Structure formats: structure tokens, C-alpha cells
Amino acid sequence: MAVITRDLHLAVRQGGATFLALVFFLLTVTLFPLGIGPEPAILARVAPGVLWVAALLAAMLSLDRLFQADFEDGSLEQLTLSGLPLGGIVLAKIIAHWLTTGLPLLLAAPILAVLLNMNTEGFAALLLTMLIGTPALSLIGAIGAALTLTVRRGGVLLSLLVLPLYIPVLIFGVSAIDAAVHGLNAKPHVLLLAALTLAAIPLCPWAAAAAVKLSLE
Amino acid sequence: MFQGHDIACDRGERRIFSGLDFQIAPGQALVLRGPNGCGKTSLLRMAATLLKTAAGQLTWDGADIAEDPEEHRARLHYVAHQDAVKSALTVRENIATWSKIRGSADARIDTAMAAFGIAHLADTPAQYLSAGQHRRAALARLIASPATLWLLDEPTVSLDADGTACLQQAIMDHRADKGMVMAATHIELGLDDVEILQLKPQ
Amino acid sequence: MSLHYFANPTRFTRLAGRIQPWAGGLAALLLAVGFYLALIVVPADYQQGDTVRIMFVHVPSAWMAMFCYIFLAVASAVALIWKHPLADLAAKASAPIGAGFTFLALVTGSLWGKPMWGAWWVWDARLTSVLILFFLYLGYMALWQSIEDGQKAAKAAAVLALVGAINVPIIKFSVDWWNTLHQPASVLRMDGPAIHPSMLWPLLIMALAFKVYFVALLLARMRMELNLRRIRALRLAERSS
């Protein structure tokens, strides 16, 4: 869709945002060995949780970009008036957001997993859960981003609204990796995570579109 | 025919205006007048389906526009206070993006830029443009993707005399082409044969 | 008489004004009876001793925490779908009360946890879920406060409440899931063995007392909110005349 290409084009031209999310991800993960100590066994034990928490925060911090800039310069209004259904526009923007944040985070995660001495058995599960789970982060986050559009300096409020809703993604994502690391069956965890994302695909754009409409009134 | 019957508008918990009627036939232009805060922008936003009417009805050829807002949106252009021009993109890219989203032909982009005298800026990133040039790029969208109803909110802000003349010409061509215009403006657009709707503060 | 009969704010205020003292009095009475039973009549538990009495506050608060959120979500749905003018008000008024009960449940849970688990806080599935519920309440209230336009805030908060309501069971399920993976630190669970009937009665009376108290408080808060709106309207009228 034209809206996805537009957002991707803008992201490439403006640059920076994807890079910042990645650097944030890297930096947060780096803090853990410094905070906990460099012992490989401990790091390997906490690696899945650390990676997911850091990815969660990085995805959340990039959310304000989703609608805010377009809201401020009037583009969001023009998009709404383009004659396309608003839910579709919102979904397109969410997809573009995932392509510019979720996907890079997913690609960076294995490298950071190596830094944390994560057990190699967990790598496939890490990639798989990130692939399934990060779209849910963009989807759920879109609701928070849309609700806080009219709020000045809505960043803190955004995290308060969105983080509790991220908890199930975190739990299922980490438990799947843990299961894989310990040689257990990761499938039920992955399936639950997939169910979560699939449920979010129709519901979140709809709720976010309602919130966007509200902010334009 | 675009009509409003007995429209009322609330902002916050305050009634801005009520009992407003208007109609615009193909080829006609309606100019909204009135002091600040009397609801000109609100009325335009209602006509664009961005704002709900507190009472009354807006109809297009007799059908309520609230019933199928997407269809109504596809036939209108709303030029707002904000230009919706992305500074990272060139002028041509800016106009082309909206043409693509609205599904109109690329061939019109050059015509549109020429009509507003910004053809020589086509490949300049919008961040180097002046406020007036920004506005011209926003107005060029009117030509680049055709729509019947133009809703213009203070379209001449930051335009120079030449820019205003371009806009006048565009409006005249649009009306000759059976288009409709609804504009809020403080200054004379220099157009003859327009209806004037005077909004009174309550 | 339809639901809309009470939609009229003046009628509501009058009715609420009449109910409120009764509800308040009843709540006080039930609380007194409940506390008497819980603190004096009920014998100390053979295992937990007197600490079991915390349950009579903790469990009803936890129930109320859940109940208030359901109430909040239903009121929000009514406000969004039927645009009932008092539903927004009810939702807004119930949030701080719910947050209060949630906080009470957390504090009493923590107090109860100390003698039972030897720690003020244990990442038990229930406590964790209640903690997350508390965050949901905080987010809801923060959103109300951050949006200046009252009507916009009402709608945005209603959307959030519904999104939250869909998520609460998912969160609850995921936390239980998480908890069964990481074996609980202690064998003793809060729900413990089945409740003896002699303890059930005081518990139910306390639960009822909390509920009636909620009604009294809700009505008071709604009336206050209505009066605030009236003052605002008067100010606006003054300014424009």
C-alpha cells in the first residue's frame, strides 16, 4: 500500500530513528553484565529475559514516532481524509513501524545473545519468538501512541499505558526461549504468543483508529 | 449539491454556533466570514467529516455525509493551517506521495507545480523552502489529485501577491470545471460572484 | 421507566442524594459487624494464628479491585456505545475507588505475606496480577488527567478501559502461566486449604460491606463531579455574557 511505502521512504530519508532504537537496545543489554557481573553462567541464565525486556523498551521508545510527527504537521489529518478507511491506514503505519524497528531489533538480537553467552539451543526460539512477538508490540503500542497524541510530552504516560499490556508478550516470549534452552518443548509457549499476535491484528488497528479519530476532533 | 441544514457546533462545553444553513451548487463558491473564534474552522472541519455536528445535517446530493464518510472524503480536499509538507522530501516527492495515496495520475504533478509557480523547486527538499513556498506546495495538491469539493482554511496565509493570484486562477478554473469551493478567509480573495456566509459569535 | 429516566443529571443528583446516606450508614454498620466477627468471634487459625484475620480485609479488597475494573469497563462501553451522559461520570468516579481497593489488597497481601512466607513481597501469581491491575488503574487515571478537553478525555479513557478489560484475562492467564513455570517460593498458598464455614460468613459480610461502601463513595464522587461541571458551565456562561 502507498501508505507503507510513504512511511518507509520517510524513515529512510529522515534516518536515525531505527539506528537509535538499535543503539538503545544494545546499550540496555550492555548495562546488565555491568550491573549483575560478568559471570557467564549467570548471564546465560538471564539472557532471554534481558533481551526481551530490552527489546520491549526499545520498541516502546520508538512508538511516539508512529503518529506524532504526522499529527503535528497535519499529515495525519490529510491521511484520514484520503478516502481510505482509517483502520487500514493505521495498520499500514503499524506495519511500517514494525519494519523499521521490530525487524532490526529481531536481527540484532542473536548478536546480543552471543554477548550474553546465551545457550545456542535457544537461538532458534529467540528468533522465532521475536518474529512473532515484535509485531504484537507495534500493534498494542499503536493504541497507546494514538491515545496520547493530544497530550503534551506524552512519553511517560505512553509507557504507563503500554507496558502493562506488553506483559503477556514478554512472558510467553521468554518462557519459550527458556523452554528451548532447557531442552523442553517450546511449542505451547510459541503457540500462545502467536495467538496473542493474531488476536491483536484485527483488534488493535481498530482501537487505535478510534483513538486517532478522537485526537483529530 | 453540498448542503448544510440547521448545523450547530460545540467546542468543549460551549456552543459556538447553531441554526446554520448553507448550500453550494456545482461551480459555486462560499466564503465564510466572521471574527476569530466564531467557528469558521470548525464548520470546515465538519464539512470534511473530521468533526461531528452537535445538531443538524450535512448532505451531498441529498445523502447524509456521515453515512459513508470515506466516500465523502474521497471527493474533497481540505487545506488546513498545517501544510502537511514533509521537510525530508523534495517538493515533487511531497506532492507525488499524496497523489499515490489518493490514486491519481502522476502526469498532473507537473501541471500542479506549474500552476503554483514552484516547478523550478521540484527537486528541492522542502526544508529549504520558505513558508510561502511551503503553502504553495500544499495548495498544489488541489490540482495534483482532482476532487470536487475544496475546503480552504485561510489559504492565503503567508502567500505573496503572486501566490494569491495563482490560487485565484486555480479556484476560477476549478469552478469553471463544476467544482465547489468553501473557504474561510479574512482578506478579499478578489473573486466575484461568491456567496458570503457571515458567522456571528454567540 | 427506562435507563434514560435517570440520565437527567438533576434527577440523578436528587436520587443519589437520597440513597447516599443510607448506603453510607449501611456500609458502616456492615463494616462494624464484619470487623467484630473477624477480629473477635472468629478463632485464630491453628496454623497461621491471628494473621489469618488479615484475610478478611485482603480478600474482599482483591474482589473489589476486580469488580471495580469490570464496572469501569462496562460503564465505558455504555458511554461509548449508547453515549449515556452519566456513564462517563460513573467510569471516572469508579477508577480512584478501584485503585484504592487494589492498593489495599496489595498492602494487606504484603502484610500477610511477611508471617506466611517470611518476606514482605513474593512474586506470587495473584499478587503480581493485582500489581499489574494497579498499574492499569494508574494509567487510566493518568490519561484522564492529561487530556484537557473533558469530552475527549472521556472517550480516550473509555477506549483505554475497554482495551484494558480485554487484556486483563490475558494478563492474568500469562501471569499464572509464568508462575507455574517458576515454582512458587513457598508451599503455602494464599488460597490455602478450603475455608471453614465459620470464616465464610464474616468474609461475605465484609465483602458486602465493601460493596455498599463502593456504592456510597461512587455516588458521592459522581455528585461532586456533576457539581464541578456545573461550576465550569456557570463560569463559561459568565465569561461569554
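## Two helices side by side in chain A

Let's start inside chain A of this predicted model. Helix 3 of chain A brings A:Pro48, A:Leu51, A:Ala55, A:Leu56, A:Ala59 and A:Met60 up against A:Leu126, A:Met130, A:Thr134, A:Leu137, A:Ser138 and A:Gly141 of helix 7 of chain A. Sort the residues of this contact by class and you get 9 nonpolar, 3 polar and no charged ones.

How do the two helices sit? Helix 3 (residues 40-61) of chain A packs against helix 7 (residues 123-147) of chain A at an angle of about 30°, and their axes are 10 Å apart. Angles under 35 degrees count as roughly parallel, so helix 3 of chain A is roughly parallel to helix 7 of chain A. Their crossing is right-handed.

## Where chain A meets chain B

Now for the contact between the chains: 18 residues come from chain A and 20 residues from chain B. On the side of chain A, helix 1 (2-14) and helix 5 (75-80) are the elements that give two or more residues. Helix 1 of chain A has the largest share, with 6 residues. By class, this side of chain A has 6 nonpolar, 7 polar and 5 charged residues.

## The sheet in chain B

Over in chain B, 4 strands make an open sheet with antiparallel pairing, in the order 2-1-4-5. Strand 2 (14-24) and strand 5 (63-64) of chain B each have a single partner strand, so one side of each has no neighbour in the sheet.

Strand 1 (residues 2-11) and strand 4 (residues 55-60) of chain B run antiparallel and are joined by 5 bridges. One pair to look for is B:His5 with its bridge partner B:Gln57 in strand 4 of chain B. Helix 1 (residues 40-47) of chain B lies across strand 1, strand 2 and strand 4 of chain B, at about 125° to strand 1 of chain B.

Technical notes. Residues numbered from 1 in each chain as written. Chains lettered and ligands numbered in written order. Predicted model: local features only at pLDDT ≥ 70, side-chain atom pairs only at ≥ 80, totals over all residues. Axes fitted to C-alpha atoms, helices over the stretch in contact; angles between N-to-C directions. Parallel < 35°, antiparallel > 145°, perpendicular 65-115°, else oblique. Left-handed = near helix turned anticlockwise from the far one by under 90°. Contact = placed C-beta atoms within 7 Å. Nonpolar A, V, L, I, M, F, W, Y, C, P; charged D, E, K, R; others polar. Pairing = 2+ DSSP bridges.
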